[in-house]
Amino acid sequence: MITLYHAHHSTCSQKVRVVLAEKELPFETVFLELGKKDQLDPAYLKLNPNGVVPTLVDGPDVILESSVICEYLDERYPGVHLTPDDVVERARMRAWMHFAEEVPVPAIRVPSFNRAFLYRFEGLDQAQFEDEQMNVRKVRREMFQRMGKPTGFSRKDVDIALGQLDDTCARMQAALENGPWLMGAQFTLADVLVIPAIDRMADLGLAEIWEAKYPLVGAWYERFQARPSFGATYYPGSRVSDFLELHPLYID
Ligand SMILES: N[C@@H](CCC(=O)N[C@@H](CS)C(=O)NCC(=O)O)C(=O)O
């Protein structure tokens, strides 16, 4: 039996939920509340010493890292295949996956925190922010150091992140000339790895980044939304605007 440890609104968890749904794999679910630091609970750290979600447990095996989990599921389970057969195409898909991890995945965290997640630090002074939030992180410490304070990311950080999200859309627009999917005719893990950042942009009111300049991205997003795996992943309560008040993007 597969068990997924995840969080409703975690972009890294959403990728894995898309793959499980695409492949129609049944799974048991354990939800963590990131705001309550469930991911840093010692029992969970034994499973995932990085102190993040998602974690996949498949029988006796524990698999970490969302993109690795996506590839694992696609290799381990037959049926709908989300990876090209051709070795060169497979390499191109993996280049998309690395790009997603390097650019949009870290970039989307900046507006996500400023617009929605700062409630987690309410009432903390600088020393408490550093002791109770920043310094307790295992793999996310660098991001908290860049934020630097409980009131969120600076204007400069927001602008850098928005530029990276714009670059992502430009890259997607160019690839989608040969669409309908990023790798052409086949829906692959490349599409799966970028959907959380694109959906979060829409969720945070940032769709204007692609609306004016990158129409193929909007059309791709609509096609993705029509897939049953989208509804299975983005159920009510899984998007930040479903349950959190949105705040201004810029705090200074
Ligand atoms: N590279 C990891 C990153 C996982 C990650 O950062 N997950 C976030 C949610 S999207 C998390 O658990 N954050 C909790 C924290 O920062 O303490 C993966 O892709 O699995």
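Glu65 sits in the loop between strand 4 (61-64) and helix 3. In this predicted model, the phi of Glu65 is near 75°, a positive value in a residue that is not glycine. Glu65 is partly exposed, with 18 other C-beta atoms within 10 Å. Glu24 also has a positive phi, of about 55°, and is not a glycine. Glu24 occupies the loop between helix 1 and strand 2 (28-31). Glu24 counts as exposed, because it has 12 C-beta neighbours inside 10 Å and the cut-off for exposure is 12 or fewer. Most residues other than glycine have a negative phi, and most peptide bonds are trans.

Two cis peptide bonds were also examined. One runs from Val53 to Pro54, with omega near 5°. Pro54 is placed in the loop between helix 2 and strand 3. Val53 belongs to the loop between helix 2 (42-47) and strand 3 (55-58). Val53 is buried, with 22 other C-beta atoms within 10 Å. Beyond residues up to four places away in sequence, Val53 touches Tyr5, His6, Ala7, Ser10, Cys12, Ser13, Leu32 and Gln39. Cys12 is 41 residues from Val53 in sequence, yet the two C-alpha atoms are 7.0 Å apart in space.

The other cis bond links Gly179 to Pro180, with omega near 20°. Pro180 lies in the loop between helix 8 and helix 9. Phe187 is found in the loop between helix 8 (155-176) and helix 9. Phe187 counts as buried, because 20 C-beta neighbours lie inside 10 Å and burial requires 20 or more. With neighbours within four places in sequence left aside, Phe187 is in contact with Leu82 and Trp181. Phe187 and Ile63 are 124 residues apart in sequence, and their C-alpha atoms are 23 Å apart in space.

Helix packing was examined for two pairs. Helix 1 (residues 11-22) and helix 3 (residues 66-76) have axes 9 Å apart and pack at an angle of about 10°. The two helices are therefore roughly parallel to each other. Helix 1 contributes Cys12, Lys15, Val16, Val19 and Leu20 to the contact, and helix 3 contributes Ser66, Ser67, Ile69, Cys70, Leu73 and Asp74. Of the residues in this contact, seven are nonpolar, two polar and two charged. Cys12 of helix 1 is also among the residues touched by Val53.

The second pair is helix 4 (residues 87-102) and helix 9 (residues 189-203), whose axes come within 8 Å and cross at roughly 10°. That angle makes helix 4 roughly parallel to helix 9. The crossing is left-handed. Met93, Trp96, Met97 and Ala100 of helix 4 meet Leu189, Ala190, Leu193 and Val194 of helix 9. The contact of helix 4 with helix 9 comprises eight nonpolar residues, with no polar and no charged ones.

These features belong to a protein chain with 13 helices and four strands. The radius of gyration is 18 Å, close to the 18 Å that the globule rule gives for 252 residues, so the chain is as compact as a globular protein of that length. The C-alpha trace spans about 55 × 50 × 30 Å along its principal axes. Buried residues make up 34% of the 252 residues. Among contacts with a separation of 6 or more, 74% join residues 24 or more positions apart.

How values were computed:
Residues are numbered from 1 along each chain as its sequence is written. This is a predicted model: local features need pLDDT of at least 70, side-chain atom pairs count only at pLDDT 80 or more; totals for chains, interfaces and linings use all residues. The radius of gyration is taken over C-alpha atoms; the globule rule is 2.2 Å times the number of residues to the power 0.38. Two residues are in contact if their C-beta atoms, placed from the backbone, lie within 7 Å. Axes are lines fitted to C-alpha atoms, for helices over the stretch in contact, and angles run from 0 to 180 degrees between N-to-C directions. Angles under 35 degrees count as roughly parallel, over 145 as roughly antiparallel, 65 to 115 as roughly perpendicular and the rest as oblique. A crossing is left-handed if the near helix is turned anticlockwise from the far one by less than a right angle, and right-handed if clockwise. Ala, Val, Leu, Ile, Met, Phe, Trp, Tyr, Cys and Pro count as nonpolar, Asp, Glu, Lys and Arg as charged, and the others, Gly among them, as polar.
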